[in-house]
Amino acid sequence: MATVYGIKNCDTIKKARKWLEDNGVTYTFHDYRADGLSAELINTFVAELGWEALVNKRGTTYRQLSEEQKNTLNEESAKALLLEFPAMIKRPILVTANQYHLGFKPAQYADIFA
C-alpha cells in the first residue's frame, strides 16, 4: 500500500493520483491541510529526502518569504517553515514499503510500481 502526501487541489497531486488510479495502485492520500502535518512527519521527510529537496523554491509561498528568511535557510529553519507553510513542501511525496519518492513523472511512477 502506498501513501501520497500533498495538498488536494495541487495539479501535480491530481496527476499523480490519476496515474495511480489508472494503473490500479491502491493508495491512501494524506492532505496536509485536512489531515494535518506534525513535526515528526517533517523530521521523517527531512531524514529520508533531505531538507533542500523538500523546499519548493518555485512556489508562491517560498517567493513570499523575506530575503532574510531565504538567505538564512538551514535545516532547522526549513523544518519550522515547512511545518508552518505546508504548501512550501515539494509535492507529491510518495511512500511505498518505507521508500520515499519526491515529485511526479509518469515514467518515475512506472518504475516504482513495475
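Contact here means heavy atoms within 4.5 Å. The model is a predicted one.

**Exercise 1.** Find leucine 65 and list what it touches, not counting residues up to four places away in sequence.

*Solution.* 
- Step 1. Go to the loop between helix H5 (60-63) and helix H6 (67-71); leucine 65 lies there.
- Step 2. Look for its contacts beyond that sequence range: leucine 65 touches Lys70, Leu81, Phe85 and Met88.

**Exercise 2.** Decide whether leucine 65 is buried or exposed.

*Solution.* 
- Step 1. Take the cut-off: buried means under 20% relative accessible area.
- Step 2. Leucine 65 has 7% relative accessibility, so it counts as buried.

**Exercise 3.** Work out the strand order of the open sheet, and say which strands stand at the edges.

*Solution.* 
- Step 1. Four strands make up the open sheet, in the order S2-S1-S3-S4, with mixed pairing.
- Step 2. Strand S2 (27-31) and strand S4 (99-102) each have a single partner strand, so one side of each is left without a neighbour in the sheet.
- Step 3. Threonine 3 stands opposite valine 95 in S3.

**Exercise 4.** Describe the largest pocket by its space and its lining.

*Solution.* 
- Step 1. The largest pocket holds about 330 Å³ of space.
- Step 2. Its lining residues include Cys10, Asn56, Arg91 and Phe104.
- Step 3. Sort the lining: three residues are nonpolar, five polar and four charged.

Methods: Residues numbered from 1 in each chain as written. Predicted model: local features only at pLDDT ≥ 70, side-chain atom pairs only at ≥ 80, totals over all residues. Heavy atoms only, no water. 1 Å grid on protein atoms, 1.4 Å probe; cavity = no way out; pocket = protein on both sides within 12 Å on 5 of 7 lines; lining within 4 Å. Points joined across faces, edges and corners; volume = space filled by probe spheres on them. Nonpolar A, V, L, I, M, F, W, Y, C, P; charged D, E, K, R; others polar. Helix = DSSP H or I, 4+ residues; strand = E, 2+ residues; numbered from the N terminus. Buried < 20%, exposed > 50% of the residue type's maximum accessible area, 1.4 Å probe, protein only. Pairing = 2+ DSSP bridges.
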